[in-house]
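Good morning, and thank you for making time for this presentation.

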Amino acid sequence: MADLDDIHDGKDYALDIPARNKAFFLKGAGAYDWGMQNRLARIFRPDTGRTVMLAFDHGYFQGPTTGLERVDVNIAPLFDYADVLMCTRGMLRSTVPAAIRKPIVMRASGGNSIMSELSNETVAVDMEDALRMNVCAMAAQIYIGSEYEHKSINNLIRLIDAGNRVGMPTLAVTGVGKDMARDARYFGLATRIAAEIGAQYVKSYFVEDGFERVCAGCPVPIVIAGGKKIPEREALEVAYRAVDQGAAGVDMGRNIFRADNPVAMIQAVSAVVHELTPPEQAFEMYNDLSQAKAA
């Protein structure tokens, strides 16, 4: 215990400086409890308010898809360059080293496969297990307008309620069924519903027309999904336009780990997201890093 013989009265109370409590930096998160805010501050960089999430959770319904056959070989070299790792609990325990000091966003919906109706999911991770694994957020898919819309929304509500009890943020992932339109009207509806029921942030898709309105209409941060593999220059353009129009970052998988040089690509994406590097310069950076590795 402290030395009781060396107690001094306090003297410097800074009486001329009003007490202050710095407002939390993240959109829509000012009223959350400390633990919730602290987890979000690990996901989103406080200096930029944005994030680069590395998504490699696809195996939960796709199996060993291209690029994810061996996560320990193909994805682990990217860990150091990501702000956040997005994965399943099985992959976290089996493949991600515990010494990695990266925040984890855990895929918590599941129970389907590419051979069945994608919207027919359930909550696949208990909150107690998420806390045991020290994750920073739980993620669940919602399928607005699908056959199992109500079930997917109920899954999200259950996670939000469980997360609020323990200070765990919930990421709502807006799934798109085969017959759904990928436009601003749909994503504006889906992201707003997710925020209205209490999701702390939302994953959506960039759309060419009206994405700025989608972001403006959602009171919590939106990160964009990388989507299907496209050329590297084009993927950097999408990331730049999304951030420029209000997105708080990306949750990108295939456009990073299927790139010709994944390590160079994730660094170029990070430059776009955090430094607002124009796409043409980011693509030059990608090429320079790729050539340096080849030399």
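**Cavity, pockets and selected residues**

Strand 9 (222-225) and helix 9 each supply at least two residues of the lining of the largest cavity. Please bear in mind throughout that this is a predicted model.

Let me stay with that cavity for a moment. Rolling a probe the size of a water molecule over the atoms shows where empty space is left. A search of the whole structure finds 1 cavity of 30 Å³ or more, and the space in the largest cavity comes to about 40 Å³. Which residues line the largest cavity? They are Ile224, Ala225, Gly226, Ile230, Ala235, Val238, Met252 and Asn255. By class, this lining comprises 6 nonpolar and 2 polar residues, with no charged ones.

The largest pocket holds about 990 Å³ of space. The elements that contribute two or more residues to its lining are helix 2 (59-62), strand 7 (170-174) and helix 9 (232-244). Of the elements, helix 2 gives the most, with 3 residues. In total, 36 residues line the largest pocket, and those nearest its centre are Arg182, Tyr205, Gly227, Lys228 and Arg254. How does this lining divide by class? There are 16 nonpolar, 10 polar and 10 charged residues.

The second largest pocket contains about 350 Å³ of space. Its lining is made up of 14 residues, with Ala98, Ile100, Lys102, Ile104 and Met133 the closest to its centre. Here the classes are 8 nonpolar, 1 polar and 5 charged.

Arg192 has its place in helix 7, which spans residues 184-196. Is Arg192 buried, exposed or partly exposed? Its relative accessible area is 38%, and it is therefore partly exposed. The side chain of Arg192 makes a polar contact of 2.7 Å with the side chain of Glu196. Setting aside residues up to four places away in sequence, Arg192 touches Gly217 and Pro219. Arg192 and Val214 are 22 residues apart along the chain, and their C-alpha atoms are separated by 8.4 Å.

Tyr186 also lies in helix 7. With a relative accessibility of 10%, Tyr186 counts as buried, because the limit for that class is under 20%. Where does the side chain of Tyr186 reach? It reaches the backbone oxygen of Gly175, at 3.0 Å. Tyr186 and Ile266 are separated by 80 residues in sequence, and their C-alpha atoms are 29 Å apart in space.

A brief word on Thr65, which is found in the loop between helix 2 and helix 3 (71-74). Thr65 has a relative accessible area of 14% and is buried. Apart from neighbours within four places in sequence, Thr65 is in contact with His58 and Arg258.

The cysteines come next. A disulfide is a covalent bond between the sulfur atoms of two cysteines. How many disulfides does the structure hold? The count is 0. For both pairs, the reasoning rests on a cut-off: the two sulfur atoms would have to be within 2.5 Å. Cys136 is buried, with a relative accessible area of 0%, and Cys218 counts as buried at 0% relative accessibility.

Finally, I come to the backbone. Most residues other than glycine have a negative phi, and most peptide bonds are trans. Ala14, although not a glycine, has a positive phi of about 45°. Ala14 is placed in the segment before helix 1 (34-43), and at 31% relative accessibility it counts as partly exposed. Asn134, likewise not a glycine, has a positive phi of about 60°. Asn134 sits in the loop between helix 5 (127-132) and strand 6 (137-142). Is Asn134 buried or exposed? Asn134 is exposed, with a relative accessible area of 52%.

That concludes the presentation, and I welcome your questions.

Methods
Residues are numbered from 1 along each chain as its sequence is written. This is a predicted model: local features need pLDDT of at least 70, side-chain atom pairs count only at pLDDT 80 or more; totals for chains, interfaces and linings use all residues. Side-chain values use heavy atoms; hydrogens and water are left out. Helices (H or I, at least four residues) and strands (E, at least two) are DSSP runs, numbered from the N terminus. Buried means under 20% relative accessible area, exposed over 50%, partly exposed in between (1.4 Å probe, protein chains only). Contact means heavy atoms within 4.5 Å. A polar contact is a pair of N or O atoms within 3.5 Å; within protein, one must be able to donate a hydrogen and the other to accept it, and residues adjacent in sequence count only if both atoms are side-chain atoms. On a 1 Å grid over the protein atoms alone, a cavity is a set of points where a 1.4 Å probe fits but cannot get out, and a pocket is an open set with protein on both sides within 12 Å along at least five of seven lines; lining residues have an atom within 4 Å of a point. Grid points are joined across faces, edges and corners, and a volume is the space filled by probe spheres set on the points. Ala, Val, Leu, Ile, Met, Phe, Trp, Tyr, Cys and Pro count as nonpolar, Asp, Glu, Lys and Arg as charged, and the others, Gly among them, as polar.
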